[in-house]
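Here are my comments on the model you sent. Please read them with the structure open.

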Amino acid sequence: MNAYSEDLRKKIVEAKERGMPTVAVAHTFGVGLSSVKRYAKTAREGGSLRPKRSPGRPPKADQRARRLLEADLQDRPAATLSERREHLRSVAGLRVSESTISRLLRRMGFSRKKIGGSGGA
């Protein structure tokens, strides 16, 4: 689930400060009671209502890796995932799995293409 926007959080706090009951604020904005209480407390204490970054590990493959992968797709359209993985390792020193390469390609809009084979007429 994505965090509520800073704008929505401000509206919730404003409604609470105008004297609207917590339950009514929660119902009006479609958020939980705990969220209303937390945002009101944060605002009272002078804290920022801006959503925090999501926890988790940053991605291994950055924009540079994507550009290298795009260039590799242009240069070697028939390369396997293993070959692409080895290319990223040798050029950028990036060690990722074939699954990661596959996910990156999918996110970039490339799908797995079957090359050759018997067309069976």
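In which helix is the place of Val25? The points below start there. Keep in mind that this is a predicted model.

1. **Where Val25 sits.** Val25 belongs to helix 2, which covers residues 22-29. Val25 is buried, because its relative accessibility is 0% and the cut-off for buried is under 20%.

2. **What surrounds Val25.** Set aside the neighbours within four places in sequence. Val25 then contacts Ile12, Ala15, Lys16, Met20 and Val36. Glu14 lies 11 residues from Val25 along the chain, and 9.8 Å separates the C-alpha atoms of the two.

3. **Main core.** Which residues make up the largest nonpolar core? There are 12 of them: Ala61, Ala65, Leu68, Leu69, Leu73, Leu88, Leu94, Val96, Ile101, Leu104, Leu105 and Met108. Two elements each give two or more residues to this core: helix 4 (63-75) and helix 6 (98-107). Helix 4 provides the largest share, with 4 residues.

4. Beyond its neighbours within four places in sequence, Leu94 touches Lys60, Ala61, Ala65, Leu88 and Arg89. A second core is separate and has 9 residues, including Ile12, Val13, Ala15 and Ala26.

5. **Fold content.** How many helices and strands does the protein have? The count is 6 helices and 0 strands. Read from the N terminus, the order of elements is α-α-α-α-α-α.

6. **Overall dimensions.** The radius of gyration is 24 Å, whereas a compact globule of 121 residues would have one near 14 Å. Along the principal axes, the C-alpha atoms fill a box of roughly 70 × 40 × 20 Å.

7. Of the 121 residues, 23% count as buried. Residues 24 or more positions apart account for 44% of them.

8. **Surface and charge.** The accessible surface is about 9300 Å², and carbon and sulfur atoms hold 49% of it. The protein carries 28 positive and 12 negative charges. How far apart are the mean positions of the positive and negative charges? They are 5 Å apart.

Conventions
Residues numbered from 1 in each chain as written. Predicted model: local features only at pLDDT ≥ 70, side-chain atom pairs only at ≥ 80, totals over all residues. Heavy atoms only, no water. Rg over C-alpha atoms; globule rule 2.2 N^0.38 Å. Buried < 20%, exposed > 50% of the residue type's maximum accessible area, 1.4 Å probe, protein only. Contact = heavy atoms within 4.5 Å. Areas by Shrake-Rupley, 256 points an atom, 1.4 Å probe, with all protein chains shown as cover. Lys, Arg positive; Asp, Glu negative; His and termini not counted. Charge placed at Lys NZ, Arg CZ, Asp CG, Glu CD. Core = buried A, V, L, I, M, F, W, Y, C linked by side-chain atoms within 4.5 Å.
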